[in-house]
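User: Please take me through this model, and set each term against the rule behind it.

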Amino acid sequence: MTDQTSQAARTACGAIRAGDQGKAVELCGWVNRRRDHGGLIFVDLRDREGIAQIVFDPKHPSFPDAERLRNEDVLRVRGTVRARPQGTENAKLPTGGVEIGVDDLEVLNRSEVPPFPVNGDDDVDENLRLEYRYLDLRRPRMQRNIATRHRIVKAMRDFFDARDFLEIETPMLIKSTPEGARDYLVPSRIHPGTFYALPQSPQLLKQILMIAGFGRYMQIARCMRDEDLRADRQPEFTQVDVEMSFCTQEDVLETMESCMRDVWKRVLGVELGPFPRFSHAQVLERFGSDKPDLRYDLELVNVTSIFEGSDFVVFKSVIESRGAIVGLRYPGGASLSRRDFDALTELAKQNGAKGMVWIALGADGVKSSAQKFVGDEHIGALRYSLDAETGDAILLFADARPAALTVAGRMRGEVAERCGLRDKTKYAFCWVTDFPYLELDEATGRPAPAHHPFTAPGEGQWEFIDSDPLAMRAQHYDLVLNGFELGSGSIRNHKPEHQRRIFEMLGMTPEQIEERFGFFVRALEYGAPPHGGMALGIDRIVMLACGEDDLREVVAFPKNQAARDVMMDSPSAVAENLLRDLSLRSTAPPPER
């Protein structure tokens with residue numbers, strides 16, 4: 001080793017630039033690619049920061065070792081930075097103007113042949129990726145996503161710290177207080193027959209922190225819910241959890257909106273405009289969903305009045321039963337064939353429709369699945385109401401008003417997908433407020449909280465609690481981005497008599513209130529301040545910021561669609577003696593593998 005290389009400074013592969021020419025460096029990383037060109041061997045060495053090209057001369061003692069290198073071998077290389085020969089630069093790489101002439105090579109570890117390419121973002125079976133997650137995480141896309149996640153979380157912490165919030169950790173072993181999804185339970189060895197629960201959220205604990213006088217709390221909180229998986233849901237997830245004392249709903253909305261603006265500017269370099277606000281009733285009427293995707297227009301229109309007096313039996317019966325006919329514009333839809341419209345109608349039925357009427361506004365005339373009952377006067381009114389042009393199609397859904405809006409909302413998303421209107425580089429945030437306080441539980445027929453039972457009713461809403469509880473509105477709000485709910489929040493019940501009254505309205509006996517929530521109601525009795533807050537799902541935020549469609553692309557070690565960790569083979573059976581220590585016995589058959 002020369003004196004020059006002995007003085008080499010450890011440098012990230014992706015950090016080398018033209019200004020480093022003549023500098024002695026030490027690089028450590030993985031072989032991304034090896035090329036043998038006319039005697040010289042070129043190796044692209046990769047680390048988290050990027051790729052550097054290193055060059056082995058056939059006269060150098062390290063050359064025989066370089067000939068045996070293969071992808072994913074781990075190397076330490078010392079050498080000197082020099083300009084690439086003219087005409088061989090790679091403008092696609094930040095390091096593409098320089099290379100390292102190797103003076104010393106140390107092979108730190110050899111790699112088996114990977115089960116899939118690591119040096120690119122080729123499409124690979126998801127379960128294979130998850131089984132070899134340590135290799136999958138080396139891929140460029142995953143490295144970018146995980147790094148973006150880090151920067152988003154750091155930006156959040158910095159934002160709340162600058163506003164005098166304290167990050168306070170809450171416990172992972174808590175009391176089971178069922179209020180929605182199933183709890184993950186942890187048996188206690190010391191107290192046989194009893195169980196802890198893993199937190200679905202720090203909800204009650206953060207409220208208690210307000211009672212304790214901390215005033216402004218935040219936490220990057222890990223939470224668990226035992227529920228079925230979806231592309232935007234995992235059994236364990238991370239949220240930024242926030243609570244404030246002596247606040248109004250407006251205070252919470254301003255704080256959380258400012259946080260998102262700050263994160264998008266600092267991490268993505270995107271300036272966000274003000275977030276539009278809608279009431280719950282407005283978004284259902286205009287978009288058919290309380291999670292509207294505002295990247296595109298396609299607003300729903302109630303066109304019931306256009307068909308008043310219609311002889312069309314379907315429309316007539318819906319109007320007489322005070323239902324609704326909801327219209328949706330399909331841009332360019334007139335080009336669809338009858339077979340295409342038939343398939344679209346079947347899709348609408350799968351989404352809950354009883355049927356669908358379509359009208360194609362073709363340049364050569366109007367065609368419809370209800371040609372005899374849709375006259376020129378109807379067509380003119382529909383064109384005007386839906387802002388439809390020649391070449392478009394109009395889809396009509398007739399049913400009870402909530403059902404018609406819901407189906408039309410689902411088909412709105414389908415039309416947007418077919419028309420390529422979902423731009424992943426566009427970020428359309430909005431607030432949804434004024435939610436119903438209660439909804440009917442289909443299983444029990446009893447009222448159940450639309451959010452959670454700690455939410456305060458809106459101003460003037462207590463008067464309905466006995467006479468018409470389903471008419472109550474809540475001080476509850478959601479933040480939505482591109483059709484995904486990022487999180488929910490509310491102003492809380494801070495008076496113990498109000499909280500007890502809500503529990504009673506939900507059918508809880510005094511004994512049940514004491515068993516499940518006695519500790520919390522007692523805390524409210526000791527001078528609880530008015531307070532409220534919110535939690536936003538970090539996994540979903542990062543997924544959308546990175547333009548991904550699945551949470552697994554932004555979580556380091558996710559579960560698969562069957563809620564299994566296939567890399568660690570978890571969940572798995574445990575030894576009988578461990579169950580005995582916990583006073584447990586399994587009645588399930590041995591798991592199949």
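**Domains, rings and cavities**

Analyst: The protein chain is divided into domain 1 (11–109), domain 2 (144–273 + 485–537) and domain 3 (296–422), with bounds that come from an automatic or database domain assignment. The C-alpha centres of domain 2 and domain 3 lie 42 Å apart. This is a predicted model, in which local features need pLDDT of at least 70 and side-chain atom pairs count only at pLDDT 80 or more, while totals for chains, interfaces and linings use all residues. Residues are numbered from 1 along each chain as its sequence is written, and side-chain values use heavy atoms, with hydrogens and water left out.

User: What makes Phe-275 and Phe-429 a stacked pair?

Analyst: Rings of Phe, Tyr and Trp (its six-membered ring) pair if their centres lie within 6.5 Å, and planes under 30 degrees apart count as stacked, over 60 as edge-to-face and the rest as tilted. The ring centres of Phe-275 and Phe-429 are 4.5 Å apart and their planes stand at 5°, so the pair is stacked. This pair links distant parts of the chain, with Phe-275 in the loop between helix 7 (249–268) and strand 12 (277–279) and Phe-429 in strand 18 (residues 429–433), 154 residues apart; helices (H or I, at least four residues) and strands (E, at least two) are DSSP runs, numbered from the N terminus. Phe-275 and Phe-429 also belong to one aromatic cluster with Trp-264 and Tyr-427.

User: Why is the pair of Phe-454 and Phe-503 called edge-to-face?

Analyst: The rings of Phe-454 and Phe-503 have centres 6.2 Å apart and planes at 85°, so by the angle rule the pair is edge-to-face.

User: What makes up the lining of the largest cavity, by class?

Analyst: The lining has five nonpolar, no polar and two charged residues, where Ala, Val, Leu, Ile, Met, Phe, Trp, Tyr, Cys and Pro count as nonpolar, Asp, Glu, Lys and Arg as charged, and the others, Gly among them, as polar.
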